[in-house]
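Dear colleague,

I am handing over the structure below, together with an account of what was found in it. Please read the notes with the structure open beside them.

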Amino acid sequence: MLLYDLHSHTNASDGCLTPVELVERAVACQVQVLAITDHDTVAGLAAAHQVNQALGQPLTLINGVELSTHWHHYDIHVVGLNICPRHVELLSLLQSQQAQREVRARMIGERLTKAGIQGAYEGAQKLAQSSILSRAHFARWLINEGYASDMKRVFKRYLSRGKTGYVPNQWCSIEEAVTTIHSAGGQAVLAHPCRYQLNRKWLRRLLTHFKEVGGDAIEVIASQQSPQERLLLKQLAQEFGLYASLGSDFHSESPYIELGKNLIPDLDCQWIWQAPAWPV
Ligand code: AMP
Ligand code: MN
Ligand code: MN
Ligand code: MN
């Protein structure tokens with residue numbers, strides 16, 4: 001059986017490794033099929049393919065992306081797998097999402113300034129270098145400056161919904177994300193369904209909507225999750241007629257999350273790689 005990891009980040013978005021380092025790490029972790037799914041960008045893919053080729057193609061590298069979408073008051077993430085990274089409609093959506101990120105980042109900076117925290121925008125931008133700006137960059141800057149001790153606390157105190165540094169988003173709709181992923185030849189996967197803090201009723205609403213607009217799969221297995229969560233997600237996938245996907249959502253070295261870690265697909269599911277659309 002192959003070891004799949006269908007959700008990961010590089011420093012083209014808010015991951016800490018370069019695409020080259022990510023590919024090398026995936027190989028070291030014995031991953032065989034890796035999807036790189038950066039937030040609202042495909043900029044990391046070319047370098048990843050290059051190094052994979054130079055290494056003799058130890059990985060089957062899947063072109064992916066993770067689109068931020070807006071649904072009710074939630075930020076819902078939709079992963080696209082096997083997308084064509086040159087597809088015009090996809091590129092135009094990415095461009096508008098990136099413009100949105102820039103506007104939002106400035107607003108986050110302004111809000112933090114008003115709250116007495118100077119230089120957050122510039123600091124986050126410096127950490128992001130030329131990659132796209134994420135709240136994760138603000139979080140890292142705030143931690144470096146001593147405003148909080150870790151990522152969980154910094155989000156809770158400053159960056160999650162309702163807090164000083166949170167700006168209501170203007171992302172595309174779930175439908176637009178799914179449609180664009182499809183037109184770029186890919187499959188649309190609802191990322192980490194249990195991370196939106198939705199109660200059961202709202203989670204079902206989300207899945208109903210995702211299915212209605214043509215979504216293909218949901219993530220059922222993650223590196224760090226309870227057995228109960230896995231079982232719930234497996235049952236929901238079955239109930240809604242969605243394929244199951246899996247991924248670590250790796251961003252950087254951590255004690256809990258690692259490429260390929262705990263991702264054995266030992267559940268009775270219809271896996272996304274068994275779908276007719278999956279390239280062999
Ligand atoms: P953005 O897409 O700019 O809104 O930033 C969201 C990113 O911040 C996510 O992809 C995660 O990498 C990170 N993030 C969000 N919430 C948390 C949290 N509670 N703890 C750690 N990282 C988080
Ligand atoms: Mn992220
Ligand atoms: Mn996500
Ligand atoms: Mn992710």
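A polar contact, as the term is used here, is a pair of N or O atoms within 3.5 Å. Please keep in mind throughout that this is a predicted model.

I begin with ligand 1. A polar side-chain atom of His39 lies 2.8 Å from an oxygen atom of ligand 1, and for a polar side-chain atom of Arg101 the distance to an oxygen atom of this ligand is 3.0 Å. Ser134 also takes part, with a polar side-chain atom 3.3 Å from an oxygen atom of ligand 1. On its own, ligand 1 has 500 Å² of accessible area, of which the protein covers 76%.

As for its place in the model, ligand 1 sits in the largest pocket, and the elements that give two or more residues to the shell around it are α3 (88-114), α5 (135-144) and α6 (151-159). The residues surrounding ligand 1 are Asp14, His39, Arg101, Arg104, Ser134, Arg135, Ala136, Met151, Phe155 and His251, and this shell divides into 3 nonpolar, 3 polar and 4 charged residues.

I turn next to the metal ions. The manganese ion (ligand 4) is coordinated at 2.1 to 2.2 Å by His7 (NE2), His9 (NE2), Glu66 (OE) and Asp249 (OD), donors whose spacing along the chain is H-x1-H-x56-E-x182-D. Within this set, His9 in the loop between β1 (4-5) and α1 (19-28) and Asp249 in the segment after β8 (243-246) are 240 residues apart, and the pair links distant parts of the chain.

Between the manganese ion (ligand 3) and the manganese ion (ligand 2) the separation is 5.6 Å.

With best regards

Technical notes: Residues are numbered from 1 along each chain as its sequence is written. Chains are lettered from A and ligands numbered from 1 in the order in which they are written. This is a predicted model: local features need pLDDT of at least 70, side-chain atom pairs count only at pLDDT 80 or more; totals for chains, interfaces and linings use all residues. Side-chain values use heavy atoms; hydrogens and water are left out. A residue is near a molecule or strand if one of its heavy atoms lies within 4 Å of it. A polar contact is a pair of N or O atoms within 3.5 Å; within protein, one must be able to donate a hydrogen and the other to accept it, and residues adjacent in sequence count only if both atoms are side-chain atoms. Accessible areas come from the Shrake-Rupley method with a 1.4 Å probe; for residues, only the protein chains shown count as cover. On a 1 Å grid over the protein atoms alone, a cavity is a set of points where a 1.4 Å probe fits but cannot get out, and a pocket is an open set with protein on both sides within 12 Å along at least five of seven lines; lining residues have an atom within 4 Å of a point. A molecule sits in a cavity or pocket if more than half of its atoms lie within 2 Å of its grid points. Helices (H or I, at least four residues) and strands (E, at least two) are DSSP runs, numbered from the N terminus. Ala, Val, Leu, Ile, Met, Phe, Trp, Tyr, Cys and Pro count as nonpolar, Asp, Glu, Lys and Arg as charged, and the others, Gly among them, as polar. Donors are N, O and S atoms within 2.8 Å of the metal (3.2 Å for Na, K and Ca); water is not among the atoms, so sites may look incomplete.
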